[in-house]
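Subject: Structure handover

Hello,

Please find the structure below, followed by notes on what was found in it.

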Amino acid sequence: MIFVPFIYFSLLSLLIYRRRRGIDMALVISLIYAAMGFFAIFNDALGLRYDDVLDYVISPRATVAYCGLLTLCLVPFIANSNLSITSLKPVRYEMVLRATAWVAALWFVVTFAMRFRPMISVLTGDMNEHREALYVGDVEESWMETLPSIIRVPIAIANSIFGCSWTLIFLAFYSLYVQKMPLRYFLMFMMASLSAPVDGVLMADRSVTTYWIMSFASMYLLFRNYMTKAEKVKMIVAGLSIVGVLATYLVALTVARFSYRDYGEVSGTEGGVISYLGQGFVNFCYFYDNYEPPFMHLGVVFPFTVQYFFGIPTGAVLIQQTMTELTGIFTGVFYTFIGHIIIGAGKEVAIAYCVVYALTGFVALRMICRKHEASALQMCVYFAYSSVMLLGPFTHYYTSARKTAGLVIVLLLLLIAGKKS
């Protein structure tokens with residue numbers, strides 16, 4: 001069974017490419033899960049499973065559920081390729097983008113200054129020790145807790161507005177290559193988007209930075225047809241420079257967190273990388289077959305509503321910690337976005353989520369792609385749907401109230417910017 005996801009998604013990727021003869025979001029997403037399947041084989045062969053699943057035998061039922069549910073979620077993108085969108089329309093009210101860029105840049109500068117000292121402390125200290133301390137609550141996770149309320153409140157509001165980092169990367173590319181705004185607006189949006197990797201450093205976390213890299217690469221693919229040859233070269237050089245710095249951090253953190261661990265046939269660092277990329281399939285299957293949540297925590301699907309209307313704290317790690325404490329089963333691992341929903345709310349909710357996601361996605365994407373011309377709002381909606389899968393190989397990206405709120409607010413801004421008078 002361990003070979004099935006790699007073979008299945010590799011063949012699916014080939015079929016998608018032969019159908020479109022180009023690189024679209026469906027192909028990128030399928031290749032990501034094929035790569036996860038590839039690393040899953042090595043993860044199993046090298047004995048890198050975590051303790052609770054060491055003796056677990058992967059069942060055909062769970063394997064079919066894994067491949068089937070992911071395919072169901074992928075269908076809207078296979079049927080409605082972003083390659084069919086051949087023209088993007090500039091927004092009507094450019095001032096909305098200009099104002100947003102200035103506010104985002106100011107927010108980043110202020111918050112970066114406040115986070116600089118603790119960030120340097122993490123980078124120059126023992127990152128593994130810092131991460132473990134965060135897990136057990138020995139250090140304050142949020143740098144904002146020490147701020148007076150008169151400063152904390154406006155920053156908290158701005159955090160929600162810009163809480164979804166990929167939307168800032170989207171606005172950067174759209175403002176430069178579609179709206180044809182001056183370069184400084186692209187730079188302001190990109191600078192603000194780097195707040196996410198900065199937060200990742202403060203938490204000694206790899207996934208946040210990985211999400212940023214994946215988002216940046218995806219935006220390049222989405223907008224590359226709107227660039228000249230020279231612009232493509234410049235963007236690739238600039239992108240590789242930024243990604244190189246972030247990748248250096250990821251390598252350093254991986255060494256710090258895993259070099260001391262004994263993985264048998266491979267070194268601690270190599271084992272940590274393989275486990276990071278390859279544990280999703282086996283863990284999904286294990287929890288699909290053996291796990292029932294002690295209660296239905298809908299914060300994994302509706303984090304903003306659950307947190308701010310019902311007062312129930314949510315967030316990816318918090319939900320994992322809660323379920324681990326209540327069940328005695330360690331849930332702080334990777335299992336794709338569908339597995340994450342299973343951890344928080346159960347299989348039935350996860351399956352229902354996939355069905356609703358596929359149906360609404362098919363309808364929304366068909367409406368966007370059929371005219372071959374899209375607005376900024378429509379293109380953002382397209383990526384919002386694809387981001388669930390694109391950023392979902394490890395956990396569910398939208399279990400954070402900030403990310404959900406940030407996405408909705410940017411969609412509203414684009415609605416205002418593109419509204420006809």
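**Salt bridges**

The whole structure, searched throughout, holds five salt bridges, a salt bridge being a side-chain nitrogen of Lys or Arg within 4 Å of a carboxyl oxygen of Asp or Glu. This is a predicted model, in which local features need pLDDT of at least 70 and side-chain atom pairs count only at pLDDT 80 or more, while totals for chains, interfaces and linings use all residues. Residues are numbered from 1 along each chain as its sequence is written, and side-chain values use heavy atoms, with hydrogens and water left out.

One of the bridges joins the side chains of aspartate 44 and arginine 49, at 2.6 Å from N to O. Burial is given by relative accessible area (buried is under 20%, exposed over 50%, partly exposed in between; 1.4 Å probe, protein chains only). Aspartate 44 is partly exposed because its relative accessible area is 24%, whereas arginine 49, at 14%, counts as buried.

Aspartate 289 and arginine 61 form another bridge, at 3.0 Å from N to O. Helices here are DSSP runs of H or I with at least four residues, numbered from the N terminus.

Arginine 402 meets aspartate 199 in a salt bridge whose closest N and O atoms are 3.9 Å apart. This pair also links distant parts of the chain: arginine 402 is in helix α19 and aspartate 199 in helix α9 (residues 195-202), 203 residues apart. Arginine 402 has a relative accessible area of 30% and is therefore partly exposed; aspartate 199, at 17%, counts as buried. Through shared partners, salt bridges join Arg115, Asp199 and Arg402 into one network.

**Aromatic pairs**

The search of the whole structure gives 37 aromatic pairs. Rings of Phe, Tyr and Trp (its six-membered ring) pair if their centres lie within 6.5 Å; planes under 30 degrees apart count as stacked, over 60 as edge-to-face and the rest as tilted.

Phenylalanine 170 and tyrosine 174 make a tilted pair, 5.6 Å centre to centre with 35° between the planes. The two residues are about one helical turn apart because they are separated by four residues in helix α7 (residues 165-177). Both phenylalanine 170 and tyrosine 174 are buried.

Tyrosine 276 and phenylalanine 394 are also a tilted pair, with 4.9 Å between centres and 35° between planes. Tyrosine 276 is in helix α12 (residues 268-278) and phenylalanine 394 in the loop between α18 (376-390) and α19 (401-418), so the pair ties together parts 118 residues apart in sequence. Tyrosine 276 counts as buried at 8% relative accessibility, as does phenylalanine 394 at 3%.

One aromatic cluster is formed by Phe170, Phe173, Tyr174, Tyr177, Phe186, Trp212, Phe216 and Phe223.

**Surface patches**

Patches are made of residues with over 30% relative accessible area and no salt bridge, joining like charges within 9 Å and nonpolar side chains (Val, Leu, Ile, Met, Phe, Trp, Tyr) within 5 Å. Accessible areas come from the Shrake-Rupley method with a 1.4 Å probe; for residues, only the protein chains shown count as cover.

A nonpolar surface patch consists of Phe304, Tyr308, Phe309, Phe310 and Ile312, which together have about 560 Å² of accessible area. Phenylalanine 304 belongs to helix α14 (residues 303-309) and is partly exposed at 31%.

Regards
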